[in-house]
Amino acid sequence: MTQNPLEQLSIDRLRRRTSAKWRTHPGDVLPLWVAEMDVPLAGPIADVLRETVELGDTGYPHGDGYVEALAGFAKDRWGWAGVAADRALVVPDVMIGIVEVLRVVTEPGDPVVVNAPVYPPFHAFVAHADRRVVQSPLTAGGRIDLDRLDSTFRELSRQHERVVYLLCNPHNPTGAVHTEDELTTVAELAGRYGVRVVADEIHAPLVLPGAAFVPYLSVAGADDAFSLMSASKAWNLAGLKAALALAGPAAAADLGRIPEEVGHGPSHLGVIAHTAAFASGGDWLDALLAGLDGNRAALGGFVAEHLPELRFLRPEGTYLAWIDCRTLGLHDDAAQGAAGVVTELDGPAQYLLDHARVAVTSGHVFGLGGGGHIRLNFATSRAILTEALTRIEHALRRGPERLGADRAG
């Protein structure tokens, strides 16, 4: 049985890394913020990259190996045979792929609906592409509010010829894994109002026990939609750029209108790594998911026992925990107005950085409903997670009112 990847690296070794997670903050800070895992590279990926470098095979990507690997993974894991090479395009990464799809199905100024709170680049990349973000809030339980989505689609379709819904499946930051019923309703609403759906499914392989991933393109009515997938999150490959844009049968022509030069962006090493992940990384992924499930339980148990004033929203997928800290009275509701643009920390995250020396992501950058929350990355060793939570407990027991006093002064 493959060893839990989360328990293979010491903190001293992790601190030798030069990536953003470990170099953004001083050395005494435990970083549980950006979506990067504390794991070694999966063996099959390391092996193929080592061989590639030894061969000097560092030229341009070629062939359909990446698509074929994802197709096999999707069939084995999700029972879905809908990945086809003639309806797929290799793109530099998921967000670049989303922007390129938006450019062929919308015009500048057109509305793009997102379910807030949501991954901050949804706000930033859409705005930078000269499209208008429209926030349709989630339910209090962190799921798609289908009634609210219905009214949002209806209102926008009356005013605009082109409307896009940017779906996050599974949802970042709440960890909701959308059910087949939920996605079928989304497709029905999109068809009713002429809305095109673009699904960010980068966390698709990271569905934890108790839930099942349903590819959006697999549901009835999703023929004219798009999906963006990658091995980036599940195998910790953010630094090896490569993703796939997938089109439903009725969207193939639109995918074909994406400029050919977009396919020049992915790196050859990235394509090789992602291909190996989907083709040969299953055992490693299973061990990771078991470790994440254990960490999810430990995190939930610690919050319930030691931090009952916080509300832990148990994620069904991803390795990200969405925690409501509003009872601490540290946040500023006005701060979330510039989601995806404002980068400074809101009260709870700033307090934990200053007083617990734990870095988490501030909730206000996720948009409406994010103020007063934090997103905590639990893809680390149990020892680091426990130490971080203990620091948080001690900092809060010393009194968060100190931050309020500091502000008042």
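**Labels and their cut-offs**

Modeller: Pro117 has its place in the loop between strand 3 (111–114) and helix 6 (120–128). A cis peptide bond joins Ala116 to Pro117, with omega at about 0 degrees. This is a predicted model, in which local features need pLDDT of at least 70, side-chain atom pairs count only at pLDDT 80 or more, and totals for chains, interfaces and linings use all residues. Residues are numbered from 1 along each chain as its sequence is written, and side-chain values use heavy atoms, with hydrogens and water left out.

Colleague: Which other peptide bond is cis, and what is the omega of the one that joins Asn169 and Pro170?

Modeller: The bond between Asn169 and Pro170 is cis, with omega about -5 degrees. Pro170 falls in the loop between strand 5 (163–168) and helix 8 (180–193).

Colleague: Now Asp130. Is it buried or exposed, and how do you know?

Modeller: Exposed means over 50% relative accessible area, buried under 20%, and partly exposed in between (1.4 Å probe, protein chains only). Asp130 comes out at 51%, so it counts as exposed. Asp130 lies in the loop between helix 6 and strand 4 (132–135), and its phi is near 65 degrees, a positive value in a residue other than glycine.

Colleague: And Thr318, buried or exposed?

Modeller: Thr318 has a relative accessible area of 0%, so it is buried. Its phi is also positive, about 70 degrees, although Thr318 is not a glycine. You'll find Thr318 in the loop between strand 9 (311–313) and strand 10 (320–324).

Colleague: What about Ala253, buried or exposed?

Modeller: Ala253 sits at 60% relative accessibility, so it counts as exposed. Ala253 is part of helix 9 (residues 252–256).

Colleague: What does the span of helix 5 agree with?

Modeller: The expected span is 1.5 Å times one less than the number of residues. Helix 5 (residues 94–105) has twelve residues and should span 16 Å; its end C-alpha atoms are 17 Å apart, which agrees.

Colleague: Why is helix 5 called mostly covered?

Modeller: Ten of its twelve residues are buried. Among them are Val94, Met95, Gly97, Glu100 and Val105.

Colleague: How many cavities of 30 Å³ or more are there, and what makes something a cavity?

Modeller: One. On a 1 Å grid over the protein atoms alone, a cavity is a set of points where a 1.4 Å probe fits but cannot get out; a pocket is an open set with protein on both sides within 12 Å along at least five of seven lines, and lining residues have an atom within 4 Å of a point. Points are joined across faces, edges and corners, and a volume is the space filled by probe spheres set on the points. The largest cavity has about 40 Å³. Residues lining it include Leu299, Val303, Ile374, Leu389 and Ile392. Helix 11 (282–306), strand 13 (373–377) and helix 13 (382–398) each give its lining at least two residues.

Colleague: Which residues of helix 13 are buried?

Modeller: Leu389 and Ile392 are among them, as are Ile384, Glu393 and Leu396. The cover over the buried residues of helix 13 includes helix 11, helix 12 (347–356) and strand 13, where contact means heavy atoms within 4.5 Å. Gly399 follows helix 13, with a positive phi near 115 degrees.

Methods. Helices (H or I, at least four residues) and strands (E, at least two) are DSSP runs, numbered from the N terminus.
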